[in-house]
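Let's walk through this structure together, beginning with the kind of contact that will come up again and again. Have the viewer open as you read.

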Amino acid sequence: MGVLNNPRMHACSLVTGAAGFIGQHVCRELLDKGHKVVALDDLSGGFEENVPPGAHFVRGSINDVALVNKLFQEHRFDYVFHLAAYAAEGLSHFIKTFNYTNNLLGSVNLINASVNAGTVKCFVFTSSIAVYGRNQLPMTEDAVPQPEDPYGIAKYAVELDLKEAHEMFGLNYVIFRPHNVYGEGQNIGDPYRNVIGIFMNLILQSKPMTLFGDGSQTRAFSYISDVAPIIADSIHRHGALNQVFNVGADTPYSVLELANTVAEAMEVKPDLKFLPARNEVVHAYSAHEKVKKHFGDLVKNVPLKEGVRRMADWVKTTGSRQGQPFRNIEVYQNLPPSWLALAKK
Ligand code: UD1
């Protein structure tokens with residue numbers, strides 16, 4: 001019997017980014033499966049209250065090599081779920097050093113520690129469809145990635161490094177490429193990322209929703225329950241080992257359509273403010289045949305309207321959140337004017 005079919009009664013898992021949005025949901029899934037969970041997060045984007053009770057929270061960075069090595073020595077992890085990232089795709093052009101330090105080098109620290117520990121049966125990495133760039137649509141796993149922003153480049157570099165670590169050291173991996181994930185528990189106060197949360201936060205403050213360009217750009221917004229359970233269960237699926245999967249919703253919507261859906265769920269008339277277009281991939285959505293083949297029982301395909309309604313019900317109870325502008329912009333050239341204004345605050 002393979003190791004994947006025979007999980008220990010109390011498998012021990014490290015979840016990085018556990019105080020973040022997807023991380024907290026993956027933690028919950030693993031705790032439900034009986035895992036002992038060590039939840040590592042530096043609280044740069046997440047909140048300690050997001051870490052589910054039952055997980056052992058450690059505040060710290062994946063860039064603190066001494067801490068990472070100590071955790072691997074203390075806990076002898078069976079599985080690593082690496083979700084920590086600074087996932088601001090649009091902003092990544094202007095914070096390259098920060099992006100590569102956190103999203104690439106931080107990941108490599110974890111891969112090194114996993115190889116050295118010798119106990120890790122599978123390293124589950126949350127990449128992104130940002131790796132595809134302006135690729136043919138819908139994006140499929142066999143397309144050659146052509147990332148076109150530093151965030152996508154970092155994610156793809158980690159994917160390649162995992163494949164190398166598998167060839168060289170036998171470290172098993174599963175790679176997921178989610179896209180535009182939303183739902184309860186998301187930080188709606190971040191001014192740079194997650195358009196659904198941004199729109200809801202603006203509405204709660206009686207401000208207009210801000211649309212980059214004419215709002216005709218499309219994304220397939222993915223409800224959290226279509227993503228987190230699949231990530232958590234991947235270690236038990238034999239055919240998933242050393243594979244790459246797109247994961248998330250099938251149907252793309254324009255940002256303009258989204259604004260109307262959010263306004264309806266928040267029970268307000270849409271109030272729109274159009275801003276200069278961001279330099280970004282205009283249409284991004286991916287195919288999910290592969291994930292349906294391996295995880296079909298977990299693919300729920302929650303419709304946008306339903307998912308947005310659930311999230312709206314949640315934000316109405318939690319209220320608006322005041323986010324902090326990013327303080328260490330490295331390159332100001334071509335920074336969208338609305339972000340420049342934030343930086344000068
Ligand atoms: C997202 C993902 C990234 C994924 C990528 C797929 C996040 C944080 N990032 O980036 O991991 O790989 O999709 O390509 O989920 N928008 C507005 N007004 C706003 C904010 C955003 O019109 O105030 C628009 C943007 O121009 C964009 C869309 O909404 O077209 C989504 O933006 P955002 O939520 O920041 O995510 P992506 O940049 O698509």
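A polar contact here is a pair of N or O atoms within 3.5 Å; within protein, one must be able to donate a hydrogen and the other to accept it, and residues adjacent in sequence count only if both atoms are side-chain atoms. Keep in mind that this is a predicted model, where local features need pLDDT of at least 70 and side-chain atom pairs count only at pLDDT 80 or more, while totals for chains, interfaces and linings use all residues. Residues are numbered from 1 along each chain as its sequence is written, and side-chain values use heavy atoms, with hydrogens and water left out.

With that in hand, look at Arg 219. A polar atom of its side chain lies 3.1 Å from the backbone oxygen of Val 282, and the backbone oxygen of Val 281 is 2.9 Å from a polar atom of that side chain. Arg 219 is found in strand S9, residues 218–219 (strands are DSSP E runs of at least two residues and helices are H or I runs of at least four, numbered from the N terminus). Is Arg 219 buried or exposed? Its relative accessible area is 12%, so Arg 219 is buried (buried means under 20%, exposed over 50%, partly exposed in between, with a 1.4 Å probe and protein chains only).

Arg 219 also leads us to the ligand. Of the 21 residues around the ligand, Arg 219 is among those that come nearest, together with Ser 128, Thr 210, Arg 278 and Glu 280 (a residue is near if one of its heavy atoms lies within 4 Å). A side-chain N or O atom of Arg 278 is 2.6 Å from an oxygen atom of the ligand. On its own the ligand has 740 Å² of accessible area, and the protein covers 95% of it (Shrake-Rupley method, 1.4 Å probe; for residues, only the protein chains shown count as cover). Helix H5 (195–204) and strand S8 (209–212) each supply at least two residues of the shell, and S8 gives the most, with three residues.
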